[in-house]
Amino acid sequence: AEAHAIFKVRLPDVVLVDKKPFGVEDELAGAFEALPRSPHRPRLVLLLRDPVDRAFSHYNHEVALGREPLSFEEALEREPERTDGELARLGDTRYFSQAWWDFTYLARGRYAEQLERWLAVFPREQLLVLANEQLRRDPAATYARVLEHLGAGPHDLPSYPPIFERE
């Protein structure tokens, strides 16, 4: 039941998940293993940021919150010792890791490792992996790909305004 707290909306054939700012590497993959088996196979969409941009943005967020006292370079260098053993503990969906939440600047950008864990649970055809840059560059085409992947009919929107635009 706790694993299902992360799901925002439940419809008969659709589960919509909003899982930011945590990465695809965290307890979400374990939570999907707990999804009730149904005749419908979930279709997943993963939107991935550039890992360097993601790491620096995450670092700046932690600094702004007062949780990161180190320079960016020091934080990257000390990430392994600060998060040692935390990924293994995240296999328990009841466990929350403050260190993993705060200091995984590099680990969350290692998408290949994370996708391996997802693909151990879900067949490749159920996963649509998109780069954030695709959405930014061509939102209409990206939206159309997502709808097609989900098995929904085509639907154009009047506009595709950026939600988060930073200078």
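The model is a predicted one, in which local features require pLDDT of at least 70 and side-chain atom pairs count only at pLDDT 80 or more, whereas totals for chains, interfaces and linings use all residues. Residues are numbered from 1 along each chain as its sequence is written, and side-chain values use heavy atoms, with hydrogens and water left out.

**Helix H8 and its packing**

Helices (H or I, at least four residues) and strands (E, at least two) are DSSP runs, numbered from the N terminus. H8 comprises 12 residues, 139-150. From its first C-alpha to its last, H8 reaches 16 Å, close to the 16 Å expected at 1.5 Å a residue; the expected span is 1.5 Å times one less than the number of residues. Thr142, Val146, Leu147 and His149 are the buried residues of H8. They lie on the same side of H8, because they cover an arc of only 160° around the axis; the arc is that of the directions from the helix axis to the C-beta atoms. Here, buried denotes under 20% relative accessible area, exposed over 50%, and partly exposed in between (1.4 Å probe, protein chains only).

The buried residues of H8 pack against strand S3 (44-48), strand S4 (127-131) and helix H7 (132-137); contact means heavy atoms within 4.5 Å.

In S3, Leu44, Leu46 and Leu48 point to one face and are buried. Opposite Leu48 stands Ala131 in S4.

**Salt bridges**

The whole structure contains eight salt bridges, each defined as a side-chain nitrogen of Lys or Arg within 4 Å of a carboxyl oxygen of Asp or Glu.

| Pair | N to O distance | Helix |
|---|---|---|
| Glu81 and Arg78 | 3.2 Å | H3 (residues 72-82) |
| Glu86 and Arg89 | 3.0 Å | H4 (residues 86-89) |
| Arg137 and Glu133 | 3.9 Å | H7 |

Glu81 and Arg78 are three residues apart, about one turn of the helix. Glu81 is exposed because its relative accessibility is 55%, while Arg78, at 34%, counts as partly exposed. In H4, Glu86 and Arg89 are three residues apart and therefore separated by about one helical turn. Glu86 counts as buried at 9% relative accessibility, whereas Arg89 is partly exposed, with a relative accessible area of 38%.

Arg137 and Glu133 are four residues apart in H7, again about one turn of the helix. Arg137 is exposed, with a relative accessible area of 55%, and Glu133 is partly exposed at 36%. Elsewhere, Glu62, Arg67 and Asp102 are linked in a network of salt bridges.

**Overall organisation**

The protein has eight helices and four strands, and from the N terminus on its elements run β-β-α-β-α-α-α-α-α-β-α-α. Of its 167 residues, 34% count as buried. Among contacts between residues at least 6 apart in sequence, 57% join residues at least 24 apart. The accessible surface comes to about 11,000 Å², of which 56% belongs to carbon and sulfur atoms; accessible areas come from the Shrake-Rupley method with a 1.4 Å probe, and for residues only the protein chains shown count as cover.

How values were computed: Two strands pair if DSSP finds at least two bridges between them.
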